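Dear colleague,

I am handing over the structure below, and my notes on what was found in it follow. Please read them with the model open beside you.

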Amino acid sequence: MNTEVRETIFQHALEWVLEAGKMIKAHINDPLTIDTKSNANDLVTTMDRDIEAFFTSNIKQIFPDHFILSEEGFGDQLDTMDGTVWIIDPIDGTMNFVHQKRNFAISVGIYQDGIGEIGFIYNVMEDVLYSAKRGEGAYKGNKKLPALNDNLNFHESIIGLNHFWLCENRLVDERVMQQLVKDVRGTRTYGSAALEFASVAEGILDGYLTLSLSPWDLAAGMVIVNEVGGMTTTIDGEKINMLGNNSVFTCNSKIHQRILESYLQEARK
Ligand code: 2AM
Ligand code: CA
Ligand code: CA
């Protein structure tokens with residue numbers, strides 16, 4: 001993507017992300033209408049839909065030739081990543097949004113012919129914006145994030161994962177995952193994939209493992225983590241497919257291989 005074009009897109013996206021954040025904050029204490037989607041704990045609110053509609057109508061107006069991949073149905077049905085594709089999660093961490101009124105994020109990734117060019121993860125209630133442009137580094141607010149720790153010791157690492165890994169599940173042997181939990185320094189669960197990616201980029205989490213994410217959960221995060229030298233694959237070490245669901249392993253590159261070979265390959269069913 002031409003840098004001038006990218007800058008224009010970046011500035012519009014930035015403006016819309018901040019505006020969307022303001023809309024959420026203005027209505028954070030309003031009564032919520034909560035529906036469920038794939039299961040009883042997969043929540044969606046009017047706010048998720050309103051924010052997504054805000055993005056899609058703005059994008060369609062200013063960039064009518066761009067495509068949109070988004071969670072709540074206002075985007076396009078895509079079977080290719082050709083062209084400029086906005087990948088949007090209006091609220092990532094809806095359960096946190098509903099129950100905690102914090103710890104959720106707006107996630108926007110912009111890809112050109114399948115390559116991540118721009119990423120925004122906005123922690124709305126903390127007013128912290130993570131952003132990145134491919135090849136130009138990642139930022140937390142106005143501060144450039146340093147490259148991830150190249151001397152990280154695996155036994156001193158903190159890994160983000162949720163409890164599904166440690167209960168009986170269809171993807172991995174939970175006993176191997178329990179060993180991983182014992183072998184690292186600590187684990188954390190934040191409930192927003194985008195914020196876990198942002199934490200990996202910031203170096204306050206050293207890795208994040210999750211069984212199944214959609215493109216909008218990871219599109220922005222992958223761009224941001226890439227810019228600080230981290231890497232993102234499936235739990236089998238394979239490339240992420242932006243048009244489908246993936247298991248996800250994003251990590252400080254220093255310990256990615258170790259966790260992949262010593263634990264995930266071992267645990268895989
Ligand atoms: P969401 O809040 O946008 O649904 C923790 O649940 C993380 O996993 C969140 O980032 C959440 O995104 C994401 N997630 C992906 N698929 C999910 C599903 N089917 N049910 C609940 N959370 C899901
Ligand atoms: Ca999500
Ligand atoms: Ca969402």
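Helix H6 is mostly covered, with 12 of its 13 residues buried, where a residue is called buried if 20 or more other C-beta atoms lie within 10 Å of its own, exposed if 12 or fewer, and partly exposed in between, the C-beta atoms being placed from the backbone. Helices (H or I, at least four residues) and strands (E, at least two) are DSSP runs, numbered from the N terminus.

This is a predicted model, in which local features need pLDDT of at least 70 and side-chain atom pairs count only at pLDDT 80 or more, while totals for chains, interfaces and linings use all residues. Residues are numbered from 1 along each chain as its sequence is written, and chains are lettered from A and ligands numbered from 1 in the order in which they are written.

H6 covers residues 215-227 and reaches 19 Å from its first C-alpha to its last, close to the 18 Å expected, the expected span being 1.5 Å times one less than the number of residues. A kink of about 25° is centred on Gly221; the bend at a residue is the angle between axes fitted to the seven residues ending there and the seven starting there. Among the buried residues of H6 are Trp216, Asp217, Gly221 and Glu227, and the helix is followed by Gly229, whose phi is positive, near 90°.

Helix H5 (residues 193-202) is largely enclosed by the rest of the structure, because nine of its 10 residues are buried, including Ala193, Glu196 and Phe197. After H5 comes Gly203, with a positive phi near 80°.

**The shell around ligand 1**

Asp217 and Ala193 also belong to the residues that surround ligand 1, together with Ser38, Asp42, Asp89, Asp92, Gly93, Thr94, Gly191, Ser192, Leu213 and Ser214; a residue is near a molecule if its C-beta atom, placed from the backbone, lies within 6 Å of it. By class, this shell has two nonpolar, six polar and four charged residues, where Ala, Val, Leu, Ile, Met, Phe, Trp, Tyr, Cys and Pro count as nonpolar, Asp, Glu, Lys and Arg as charged, and the others, Gly among them, as polar. Domain 1 (3-144) and domain 2 (154-267) each give at least three residues to the shell, with the domain bounds coming from an automatic or database assignment.

**The sheet and strand S5**

Seven strands form an open sheet of mixed pairing in the order S3-S4-S5-S6-S7-S8-S9, two strands being paired if DSSP finds at least two bridges between them. Its edge strands are S3 (67-70) and S9 (143-144), each of which pairs on one side only.

Within this sheet, S5 (residues 105-112) is largely enclosed by the rest of the structure, because eight of its eight residues are buried. Ala105, Ser107, Gly109 and Tyr111 point one way from S5, whereas Ile106, Val108, Ile110 and Gln112 point the other way. S5 runs antiparallel to S4 (residues 84-92), to which seven bridges join it, and antiparallel to S6 (residues 115-123), with eight bridges. Tyr111 is the bridge partner of Val85 and stands opposite Gly116 in S6.

S5 and S6 form a hairpin with two residues between them, and Asp113 in the turn has a positive phi of about 50°, although Asp113 is not a glycine. Asp113 is exposed, with 12 other C-beta atoms within 10 Å.

With kind regards
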